[in-house]
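Visitor: I would like to learn how to read a model like this one, feature by feature. Please give the general idea each time, and then the case at hand.

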Amino acid sequence: MTYYEQVQEAAEYLEWRLGGGAPRVGIVLGSGLGAAADAVAGAAVMPYGEIPHFPHSTVEGHSGRMVAGELGGAPVIVLQGRAHAYEGYSPREVTFPMRVLGALGIRAVVLTNAAGGIAQGLHVGQIVLLADHINMMGWNPLTGPNEPRFAARPGAGLRFFDMTEAYSKALRELAQEAAREEGFTGDEGQAGELGLALKEGVYLATPGPSFETPAEIRAFRALGATLVGMSTVPETIVARHMGIEVLGISCVTNLAAGLGSTPLSHVEVEETGRMVEARLAGLLKRLAPRIAAKVEQEP
Ligand code: HPA
């Protein structure tokens, strides 16, 4: 069975479980950020182990289940937990769930993650929107023959495609609106300067699993990175290949190596995740209906 056929099989299984009417908005919840899944009403819950060919995460803090239902009144599919390359998954396995979301008819996806803060002025617990990324993973999930049948929209599925707006400006604007309504101002960042409720920045992805060295963080800062993490970029690339719009949201769980006073640990990442996940869930609940309304207007 080819990779493409595996994706189709997983999507057909999910269509059967969902009984038709697949949502147009997907949400991927990162390390320790699963709370939004609990806010999904009328949820159908499918552990990854039940979905054909689906990779399941081995990291603590990642539940590994798909939750479909309504968030803030809008139909969504939430992936609680993701597979990472550092667990030993291949690039195609890491991005398998995103391919399945594409096959299900998702038009927009919100990718959330835990990240280390590199830019000055960021604080632990801060929620930051991704304006762009730098791929330092050393690989690209699209290496190999192109598969145009993965296109989720006309004109997508190309061998070479544009990444100038990998993270949708329109979706970021909706997120800023939702954040303002949630009362996220001031301490989240640039409110004074730019009138934004949430700071926006550049996410740099490393393969992990070791955290970075202080020298690497200094180098990444010089390269223009605001945040550093070990996920999201492969999913963004694959989503853009399919023509799916991406909104990226990082939760700063720690200051990057060499910038804080304590050594980095996964425990800290998880603990901060637990502090932020309720606020993130509140934001996603306001945002989901806005994104759903936007994509439903499109042809
Ligand atoms: N580095 C890489 N990934 C991370 C970090 C970090 O400091 N924090 C959370 N995920």
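Guide: Pro209 is a place to begin, and it lies in the loop between strand S7 (199-205) and helix H7 (214-223). Keep in mind throughout that this is a predicted model.

Visitor: What kind of peptide bond joins Gly208 and Pro209?

Guide: The bond is cis, with omega at about -5°.

Visitor: Is Thr232 buried or exposed?

Guide: Thr232 has a relative accessible area of 0%, so it is buried.

Visitor: Now the helices. How should I read helix H1?

Guide: Start with the general rule. An α-helix has 3.6 residues a turn, so residues three or four places apart point the same way. Then take the case: in H1, the buried residues are Tyr3, Tyr4, Val7, Ala10, Ala11, Tyr13, Leu14 and Leu18.

Visitor: What covers the buried residues of H1?

Guide: The cover includes S2, S3, strand S4 (74-80), helix H3 (91-94) and helix H4 (96-104). As for length, H1 has 16 residues and spans 22 Å from its first C-alpha to its last, close to the 22 Å expected at 1.5 Å a residue. Just after H1, Gly19 takes a positive phi of about 65°.

Visitor: What is the general idea behind a core?

Guide: In soluble globular proteins, nonpolar side chains tend to be buried together. Here the largest nonpolar core has 45 residues, and those with the most contacts inside it are Ile51, Met66, Met98, Val100 and Val109. Helix H1 (residues 3-18) gives this core its largest share, 8 residues. A second, separate core has 38 residues, including Ala35, Val276, Leu283 and Val295.

Visitor: Which residues does Val109 touch, leaving out those up to four places away in sequence?

Guide: With that exclusion, Val109 touches Gly26, Ile27, Val28, Met98, Leu101, Ala239, Ile244, Glu245, Val246 and Leu247.

Visitor: Glu245 is on that list. Is Glu245 buried or exposed?

Guide: Glu245 counts as buried because its relative accessible area is 13%, and the cut-off is under 20%. Glu245 is found in strand S9. Among its contacts beyond four places in sequence are Arg107, Arg153, Arg240, Lys294 and Glu298.

Visitor: What does another residue of S9 look like?

Guide: Val252 is found in strand S9 (residues 245-255), and at 0% relative accessibility Val252 counts as buried. Val252 and Gly125 are 127 residues apart along the chain, yet their C-alpha atoms are separated by 5.3 Å. Gly125 is one of the residues that Val252 touches, and others include Ala115, Leu122, Val128 and Thr272.

Visitor: What is the volume of the second largest pocket?

Guide: The second largest pocket has a volume of about 270 Å³. Of its 17 lining residues, Tyr3, Arg92, Pro145, Glu147 and Phe150 are the closest to its centre. The lining divides into 6 nonpolar, 6 polar and 5 charged residues.

Visitor: How many cavities of 30 Å³ or more does the structure hold?

Guide: There are 2. A cavity differs from a pocket in that the probe fits but cannot get out. The largest cavity has about 70 Å³ of space, and its lining includes Val28, Tyr48, Met98 and Glu235.

Terms used:
Residues are numbered from 1 along each chain as its sequence is written. This is a predicted model: local features need pLDDT of at least 70, side-chain atom pairs count only at pLDDT 80 or more; totals for chains, interfaces and linings use all residues. Side-chain values use heavy atoms; hydrogens and water are left out. Helices (H or I, at least four residues) and strands (E, at least two) are DSSP runs, numbered from the N terminus. Buried means under 20% relative accessible area, exposed over 50%, partly exposed in between (1.4 Å probe, protein chains only). A nonpolar core is a set of buried Ala, Val, Leu, Ile, Met, Phe, Trp, Tyr and Cys residues joined through side-chain atoms within 4.5 Å. Contact means heavy atoms within 4.5 Å. On a 1 Å grid over the protein atoms alone, a cavity is a set of points where a 1.4 Å probe fits but cannot get out, and a pocket is an open set with protein on both sides within 12 Å along at least five of seven lines; lining residues have an atom within 4 Å of a point. Grid points are joined across faces, edges and corners, and a volume is the space filled by probe spheres set on the points. Ala, Val, Leu, Ile, Met, Phe, Trp, Tyr, Cys and Pro count as nonpolar, Asp, Glu, Lys and Arg as charged, and the others, Gly among them, as polar. The expected span of a helix is 1.5 Å times one less than its number of residues.
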